[in-house]
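Thanks for coming, everyone. Please have the sequence and the model open while I talk.

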Amino acid sequence: MQAIILFGVLASTYLMVIAKRTPALIRYFRYQSFFLFLATFAVAIEERQIDLYIIAGLLFVIKVCAIPYFLNRIIKRMKVSEDLGLFVNAQLSLLCVLGFTYLSWVFAERILAPRNEAQAIMLAVAFFVVLAGMFLMVFRMTALAQIIGLLVMENGLFLLASTVSGGMPFFVEIAIFFDVFVSVIIMGFFVYRINKLFTHIDVNKLSRLKG
Amino acid sequence: MQIFFILAIPIFLAAGAFLIGKQKIFCTLNAIGYLAVLVASVMLLRKMVLSESANSYFSFIYFDALSAFFIFVISVIAFAAALYSISYIKKDIDSGVISERKAKIYYILFNLFCFSMLLVPAVNNLGMLWVAIEMTTLISAFLVGFYNNKESIEAAWKYIIICSVGIIFALLGTILFSYAFSLLGDVKSLNWSDMVANAGRMDKNILKIAFIFILVGYGTKAGLAPMHTWLPDAHSQAVAPISALLSGVLLKTAIYAILRFGIITIKGVGFAYFGNLMVLLGIISLAISCGFILVQKDLKRLLAYHSIEHIGIISIGFGIGGILGVGGALLHVFNHAVTKALMFFGAGNVVNKYRTHNMHVIRGVIGTMPFTGFMLLMGAFALAGMPPFSIFISEILIICAVFLKGYYLVTFLLLGFIAIIFGAVVHHFSKILFGSIPKGMSVVKEPLSGKMAFLFLFVQICALGIVLPFIKKDLIWMVQKLFQG
Amino acid sequence: MIKILIILLQLIFFIAVSPFISGVITKIKNNARMRKGQSVFQPYCNLVKLFSKGEVISETSSWIFKAAPFIVISSSLGAALLIPVFIFSGQTYYIGDFLALIFILALGRFFLALAALDTASAFGGMGSSREMFISSLVEPAACLVVFSVSLQFGSTNIASFSGMHPVSISSLVASFALFLVAIAETSRIPVDNQETHLELTMVHEAMVLEYSGKRLALIEMSSYIKQMIWFFLIAQIIFPIAVPCSINTAQIIPWCLWYLARIFMIAGAVALAEVSVAKMRLFRVADFLSFAFVLAIIATICAILGV
Amino acid sequence: MEHLNIDSLFLFDPLSAFFLCVIFLISLPSAVYSIGYLKGESSGLKTALAWFLLVLFLISMGLVVSVRNVFVFLIAWEIMSLVSYFLVVFDTKHEKSIQAGTIYIVMTHIGTAFLIAAFLIMFKYAHSFNFAAIKSACSLMPPQTRNIVFLFLLIGFGTKAGIVPLHIWLPYAHPQAPSHISSIMSGVMIKTAIYGIIRFVIFILGVNSSWWGVLILMLAVISCLVGVIYALMEHDIKKLLAYHSVENIGIILLGVGLAMLFISMNMPYLAVFSLIAGLYHLINHAIFKGLLFLCAGAVYKATETRDIEKLGGLIKKMPQTAVYFLLGAMAISALPPLNGFVSEWLTLQAFFLGAFSVEGGYRLFLGLCAAMLALTSGLAAACFVKAFGITFLAQPRSRYAQNAKEVSLSMRAGMFFLSFLIVVFGLAAAIIIKLLAKVASAATGINTSSMSFSLNNFILSPQAGKGVYLSTPLLAAVLATLGIAGFAIYKLVNREKAVIYKTWDCGYYKLDSRNEYTATAFSKPFRIAFSFFLLPYRKTQKIRESFYHVKSFAYETHTTMVFKKYIYEPILGLVFRSAKFMRKIQPGSIHLYLSYIFVTVLILIIFMRKF
């Protein structure tokens with residue numbers, strides 16, 4: 001059961017890296033969050049703690065429904081081309097991400113001392129998701145891609161937290177969720193502003209402040 | 001008890017700003033509110049230093065001398081910024097740059113920003129520490145993008161993206177710390193006090209990696225060298241009192257967070273690891289800021305790079321450790337905050353009058369604005385580290401500490417960079433301040449509140465500069481006290 | 001009381017004898033050029049003539065022009081007092097030593113140059129600029145000669161090397177260096193021509209161009225005295241003479257004759273040098289004086305090696 | 001921090017007392033002078049500010065020379081530089097003074113950085129900032145650290161004193177300040193650096209290797225020659241005096257260097273004697289340089305220009321200032337009865353006496369140094385004939401000089417006091433030498449009760465046995481009587497009245513001021529003689545009316561500032577080029593910034609082992 005969920009997370013991340021258009025990217029993000037929800041739900045069943053259930057539910061509501069809906073609304077409101085503006089074409093970025101997988105596997109295995117085999121895989125997948133988020137942010141031009149990259153990294157962290165130490169204290173989890181949601185709204189607000197002022201959301205052209 | 005008082009006032013003021021429409025009445029109320037915060041923090045600091053006990057309420061609020069010191073620094077600068085923003089915002093409204101409604105938003109954000117910054121040192125749980133810092137980023141993003149023109153929006157966007165990435169790394173580090181802590185017993189808690197208690201038994205390897213993530217994460221927020229790229233853009237585009245708060249105090253809260261985790265790693269892995277990392281990043285930030293200051297054209301960016309330089313010096317100070325090192329660094333935190341705030345206020349006035357950031361255009365500030373010009377001149381020399389002012393004392397302490405520890409190369413790099421930066425500062429500021437007044441510039445009379453803010457800060461720079469060599473006992477004692485956490 | 005008498009005697013001796021020496025030099029030069037030339041006492045006649053003539057002072061000049069001759073004559077006579085002619089080495093006079101002599105001469109030169117500038121004429125300025133140029137380049141050579149001499153005799157007091165002493169190579173080289181210095185100082189041919197009428201080539205003469213009458217006489221006299229001082233110093237190093245401890249008439253006559261003969265020999269050497277060499281361009285004088293400086297260095301090295 | 005115990009802050013040994021009296025001896029007349037000088041100032045506020053800064057300047061200098069704790073010394077030192085920066089930049093209107101101020105404060109700060117390094121090394125051994133503790137700790141310092149500390153101290157104090165390679169700021173900073181301030185700066189502030197060298201190198205560090213003395217002597221000789229050659233080429237009167245400060249600092253350092261050489265060869269008598277010569281020239285230079293700057297200020301106030309090519313004939317319009325300037329000029333070019341002559345004579349005697357008791361190579365070295373000193377005094381005399389002659393004598397060359405008027409009483413009072421001091425210090429040399437003996441013994445720690453430097457209150461006798469005597473009062477009396485005798489002969493010989501007529505003009509037309517000798521012409525022989533060092537540049541241009549008729553000539557010549565061109569500009573260029581290269585780090589693209597963060601994380605993790 002654990003393996004299927006992890007495979008699902010991996011697959012959605014690879015899809016995200018290949019995506020060329022923003023709606024596709026959001027859809028794959030939705031899949032990844034759904035698999036993440038399944039993972040936390042599995043852990044919740046195993047640990048049988050009430051707050052884990054609430055967190056899983058919260059995760060589903062925010063990450064799977066609210067944020068993607070919010071992002072899609074932004075795209076519709078802005079008459080901007082849906083092209084993601086890749087620095088690196090799809091094939092090369094896929095190769096990169098494969099390299100990242102190996103890197104995170106080595107990192108998890110050698111440096112962090114995992115207790116058992118299952119935890120090692122979980123650690124590797126978590127770090128891989130973080131690295132992929134990083135990749136998305138650096139090698140995609142549009143502002144929305146950067147927001148999604150940020151969310152993917154946050155997903156990776158959440159996966160790490162829930163698997164490794166059985167999740168952080170309940171109150172902190174809620175606060176982190178709330179923070180993530182607020183930051184997405186604020187970034188969306190700024191994307192509107194950029195679009196109004198610069199008539200495009202290609203962040204790479206934003207280079208008036210030099211030196 | 002005062003801690004609630006300190007945290008509550010900004011919230012009330014934020015609500016007040018929301019309710020009271022008339023901006024003129026509210027701004028003075030705001031200043032009085034922060035005066036109360038200042039008084040409370042002074043009482044708190046005195047109580048903490050004397051009573052030596054770290055007390056915590058409902059396992060959520062926890063503070064000791066270190067956090068009391070940082071709360072004191074934050075409240076000093078917040079009060080000065082509140083005082084200054086009275087005249088600054090009024091001038092902006094009169095000149096039609098911002099509308100009445102925007103001023104209201106400004107005050108709401110200002111208070112929320114101060115609340116979140118005051119929250120950071122008070123929080124015990126490391127997760128909540130992360131949340132508080134995330135809040136400061138989000139709120140200050142609005143304040144950076146306040147003027148809604150192309151540059152400020154770009155600066156705000158860069159600020160929010162880079163700091164969010166940095167903070168995510170910090171979250172990664174926090175999780176690894178909790179993972180290392182959970183390896184010991186199976187109890188799951190992120191409370192700092194528990195972690196410090198049994199830091200010795202934690203797994204060394206994980207602590208090392210965790211601290212690297214923390215250092216890079218909160219280092220981005222603190223503006224340490226390779227991750228400083230957002231700082232010049234954000235500080236040069238923000239509203240003047242806000243950029244004073246940003247570079248005076250926000251960077252220090254991030255340093256505070258690094259210190260908190262640093263204490264754990266020192267107990268866990270040993271001082272050398274923490275020290276070398278901090279000194280390395282300090283030297284890199286000194287080198288980069290020195291390069292940029294030399295060829296800078298924009299006044300506010302020059303001050304922003306100066307913050308990077310001083311943050312570098314502070315991190316070297318903490319990295320060296322020992323009574324002199326840490327004492328010097330803590331002193332430098334306060335001195336730099338005060339001086340930088342004064343300089344940003346002065347720069348705000350200048351930019352307001354000359355309508356440009358470009359230093360080649362600004363001439364004869366002493367002629368057009370005698371009071372601000374004089375303050376800028378004194379501030380520039382204070383910043384560059386001339387003796388009658390306090391920064392010189394703390395810099396000498398840090399150099400002494402570095403020298404006594406035996407890092408000769410670091411000392412000569414430090415002295416070299418400080419000398420080059422001194423030359424650049426004098427070169428830039430003498431060009432701006434002196435020289436003939438450009439045509440059509442009238443001598444302007446500054447409002448009283450603006451002057452009060454300047455005087456309040458200037459007195460502190462000079463007082464410390466002169467008094468400090470003589471009061472020595474309690475500073476050292478406080479340092480020892482602080483460092484055990 | 002006797003000391004004052006001796007000082008007066010020495011001053012009169014210098015004032016009286018020095019014009020005679022420059023008369024002798026011109027006589028030797030003319031004979032060398034197969035000419036009869038002016039009589040040996042011609043300088044005295046010039047002085048008498050000048051003292052009786054009227055005087056013209058330029059309107060642009062200030063009190064410096066008027067006061068300069070007196071300072072120049074006082075500095076020359078002051079320097080003359082330091083030379084132990086009648087003031088035997090026994091009674092020490094505390095005025096100064098060899099070094100002080102160089103500085104006292106510099107005082108006279110300083111005021112003469114200023115007076116030349118005061119007359120607002122191009123020639124005066126040219127003369128003073130060249131004079132200061134030459135004299136400043138002479139200083140190091142003169143100082144090193146004093147150094148090498150004092151190394152040999154233990155102190156810079158002129159009296160110390162005025163007694164009998166063996167003539168060593170270093171004192172020979174030092175005296176030759178001093179000879180070149182003297183030529184530069186007393187404006188003899190290779191450096192400056194005294195008899196020329198072409199203002200553009202003059203150095204010393206250009207400075208005193210504006211003077212006339214009694215003031216010119218005073219300046220002429222001081223240059224004669226200075227000339228004699230230099231000749232005496234050279235003579236003292238090459239031909240040492242035992243200073244008689246007491247004045248008894250028996251020895252005094254041969255001693256005086258030998259005393260004056262030395263100076264005339266130096267004067268003869270200078271005259272022959274003048275005749276045989278052509279005047280140098282001003283900027284070559286710098287090399288001439290650096291040659292004198294190198295000679296002085298050689299003299300010092302020999303003195304150090306005790307040769 | 002307990003090292004900062006500031007209990008016994010002050011230290012009044014004869015050395016500090018001497019320097020304190022030097023400071024107040026010069027600043028008193030300058031303060032009186034400034035009453036008149038600042039009268040024309042625009043607003044009352046500026047004069048009040050000028051007075052405030054002057055008082056602060058004197059206090060900080062007083063502190064520097066009398067404090068016992070290294071930390072407070074450093075603070076006082078930096079305050080002194082800061083206040084003098086404000087004074088240099090005092091009339092902020094013209095661009096030159098701002099640039100001069102920047103060069104000045106940056107150079108002094110680099111010097112202070114070296115000082116801090118040296119003090120830190122001392123602090124490391126002594127664990128306290130107190131002079132006494134450091135002095136005792138310095139004896140157990142290993143030799144090579146002693147050498148490093150000595151070099152740092154030399155560079156640190158050298159920048160402030162204006163020793164040659166580091167003298168670049170002096171000709172810019174001193175002329176820009178108001179005259180009474182530049183007289184204090186030139187007269188006294190540079191001397192605090194000499195105080196620093198004496199106090200820290202001779203008193204605290206203790207000299208035991210002889211190459212220290214030789215290094216200082218070489219630097220001193222070079223600064224003497226460079227200072228005087230550049231002064232000869234300079235036509236701005238205050239810049240000329242500033243270059244002369246470089247030269248006289250060289251002469252003072254000759255005395256101090258000799259003292260260090262003799263201490264290292266443990267010859268106490270000679271060490272004390274040469275230190276006395278150095279200190280005596282120090283106070284003499286303070287007096288006559290102060291006077292010269294005040295006179296230059298008076299000339300500037302009367303004619304609003306500092307370029308001597310435009311002045312001339314001021315002696316008729318400003319007789320008293322001319323006399324004071326003449327006295328100063330005579331003193332600086334070491335002409336007898338005055339004080340410059342005495343101290344230069346003492347320094348030369350120090351060289352000669354030193355040569356007797358030193359063996360082999362050192363003798364030649366001392367001889368050559370003495371020769372160079374003589375050359376410097378010769379060139380200085382030439383330079384001041386030019387300065388005085390072109391400024392004061394002959395006909396006025398421009399309408400500035402034409403309508404110059406004598407300056408106010410307070411300025412003349414300041415100048416009179418200093419010129420009176422010149423004469424007094426010249427004549428009372430023997431007495432002053434006795435006082436200086438005490439000061440030198442305090443500095444070097446050698447007790448000089450047994451040594452006698454002057455027979456009685458009139459006659460100086462450097463070496464008892466050698467019979468070398470100099471008595472300035474007797475010399476002055478002799479010269480005066482001879483001069484009066486000459487005047488008497490002049491008066492008695494014949495009664496004819498002197499005729500006043502125009503200068504001889506080869507019979508063409510009435511001479512006007514244009515065919516007077518100018519300063520450039522005066523210094524032309526020197527420019528040719530020292531062309532290997534000055535690299536003169538000359539351009540003549542015919543401005544033609546038509547092909548045949550030449551309307552006028554344009555003649556332009558200047559000398560290249562060797563140090564500035566070949567040392568300072570390349571370094572500055574390098575620093576600015578590397579800074580410009582650094583700007584590429586922040587090109588504005590957010591993606592690059594993000595990649596910086598990720599790369600740092602990767603690097604730190606990879607090199608984790610090393611930390």
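How far apart do the C-alpha centres of domain 1 and domain 2 of chain D lie? They lie 21 Å apart. Before I go on, a word on the source. This is a predicted model: local features need pLDDT of at least 70, side-chain atom pairs count only at pLDDT 80 or more, and totals for chains, interfaces and linings use all residues. Residues are numbered from 1 along each chain as its sequence is written, while chains are lettered from A and ligands numbered from 1 in the order in which they are written.

Back to the domains. In chain D, domain 1 covers 1-206 and domain 2 covers 211-419; these bounds come from an automatic or database domain assignment. Between them, 34 residues of domain 1 of chain D are in contact with 42 residues of domain 2 of chain D. Contact means that the C-beta atoms, placed from the backbone, lie within 7 Å. On the domain 1 side, the elements giving two or more residues are H1 (14-37), H6 (143-161), H7 (170-176) and H8 (179-205) of chain D. H8(D) has the largest share, 13 residues. Helices (H or I, at least four residues) and strands (E, at least two) are DSSP runs, numbered from the N terminus. By class, this side of domain 1 has 21 nonpolar, eleven polar and two charged residues. Here Ala, Val, Leu, Ile, Met, Phe, Trp, Tyr, Cys and Pro count as nonpolar, Asp, Glu, Lys and Arg as charged, and the others, Gly among them, as polar.

Next, the core. The largest nonpolar core has 632 residues. Such a core is a set of buried Ala, Val, Leu, Ile, Met, Phe, Trp, Tyr and Cys residues joined through C-beta atoms within 7 Å. Buried means 20 or more other C-beta atoms within 10 Å of the residue's own, exposed means 12 or fewer, and partly exposed is in between, with C-beta atoms placed from the backbone. B:Ile77, C:Val145, C:Ala177 and D:Ile276 have the most contacts inside the core. Helix H11 (268-303) of chain D gives the most to this core, 23 residues. Domains 1 and 2 of chain D both give residues to the core, so it lies between them. Take D:Ile276: leaving out residues up to four places away in sequence, it touches D:Ile433, D:Leu436, D:Ala437, D:Ala440 and D:Phe453.

Now the interface of chains D and C. Here 68 residues of chain D are in contact with 70 residues of chain C. H15(D) gives the most to the chain D side, with 16 residues. That side has 48 nonpolar, 14 polar and six charged residues. Strands also cross over: three bridges join E1 (56-58) of chain C to E1(D), and the two run parallel. Pairing takes at least two DSSP bridges between two strands. C:Ser58 stands opposite D:Tyr501.

Is strand E2 (536-544) of chain D buried or in the open? None of its nine residues is buried, so E2(D) lies largely in the open. Nine bridges join E2(D) to E3 (550-559) of chain D, and these run antiparallel. D:Thr540 stands opposite D:Tyr555.

Last, chain B. It has 19 helices and two strands. Of its 485 residues, 66% count as buried. The C-alpha atoms of chain B fill a box of roughly 70 × 55 × 45 Å along the principal axes. That's my tour.

Definitions and conventions. Contact = placed C-beta atoms within 7 Å.
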